[in-house]
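Hello,

Please find the structure below. My notes on it follow.

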Amino acid sequence: MNSFPHAIIFDLDNTLLDRDTSVRRLLTQQWLQFFPEHNCVLKDAFIEKFLREDNNGYSNKVETYTRVLRHFEGLTAEPEFLAEHFRGEISNCVVCFESVKDVLCKLSDTYKLGMITNGTSDIQRSKINTLGLESYFDSILIGGEGVAAKPSGEIFEKSLEQLGVKASQAIMVGDHDVNDIQAASNCGIKTVWIRNKYYAQPECCDYVISNVSELFSILDR
Ligand SMILES: [Mg+2]
């Protein structure tokens, strides 16, 4: 890829952070803590139902729990209580996809690294802290923290500014068709879409990979 890029900008959830595994860890905790009298077969069904109803994290948690609890007779809990517990505990349960830290470590030797993520500010900060990712990045921006969230171009412009590069010198890596890929592309940033089950492949993406380890095959071209 010649001398391009100078900077790589990453999304967090479902790009670096393995959201499904993280949510499964938290829901297992909830099950053991709040439904100890029920069996483990039901626990797995409870977790999978939650993941199906949660729209990759974009659903309102109270509404998600309401739908999940309605589905299982005999589970007595308040959706509001479980949703609040979820928000309080998710950052303690997060894990990265395999090899993410090795990849970031290698990339940070050569490239400026940025992160742009949406979500509740203190929860996103807390997730990044639990994962120990902060030290790899030259810029971390959370939508809503003094800058409009993705897909606004404002947050991409601010990231480029903090990384000290032009749009043509950066590449955006993310899973979301609109918030990561379309939005970055609109700003003139080349894009790498992480293939996933939640979104269809965006037409405008420049490269497609299955996980961040495969970035090297693009960068070495
Ligand atoms: Mg994402």
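The bend at a residue is the angle between axes fitted to the seven residues ending there and the seven starting there. Helices are DSSP runs of H or I with at least four residues, numbered from the N terminus. This is a predicted model, in which local features need pLDDT of at least 70 and side-chain atom pairs count only at pLDDT 80 or more, while totals for chains, interfaces and linings use all residues. Residues are numbered from 1 along each chain as its sequence is written.

Helix 4 (residues 79-93) has a kink of about 35 degrees, centred on Arg 87. From first C-alpha to last, the 15 residues of helix 4 reach 20 Å, close to the 21 Å expected at 1.5 Å a residue (1.5 Å times one less than the number of residues).

Leu 82, Phe 86, Ile 90 and Ser 91 are the buried residues of helix 4 (buried: 20 or more other C-beta atoms within 10 Å of its own; exposed: 12 or fewer; partly exposed: in between; C-beta atoms are placed from the backbone). They pack against helix 1 (19-34), helix 3 (61-71) and helix 6 (121-131).

Asp 102 sits in helix 5 (residues 100-110). Asp 102 is exposed because it has 11 other C-beta atoms within 10 Å.

An automatic or database assignment gives domain 1 (7-18 + 95-219) and domain 2 (19-93). In domain 1, 10 residues are in contact with 10 residues of domain 2 (contact: C-beta atoms, placed from the backbone, within 7 Å). The C-alpha centres of the two domains lie 28 Å apart.

Regards

How values were computed. Helices (H or I, at least four residues) and strands (E, at least two) are DSSP runs, numbered from the N terminus. Two residues are in contact if their C-beta atoms, placed from the backbone, lie within 7 Å.
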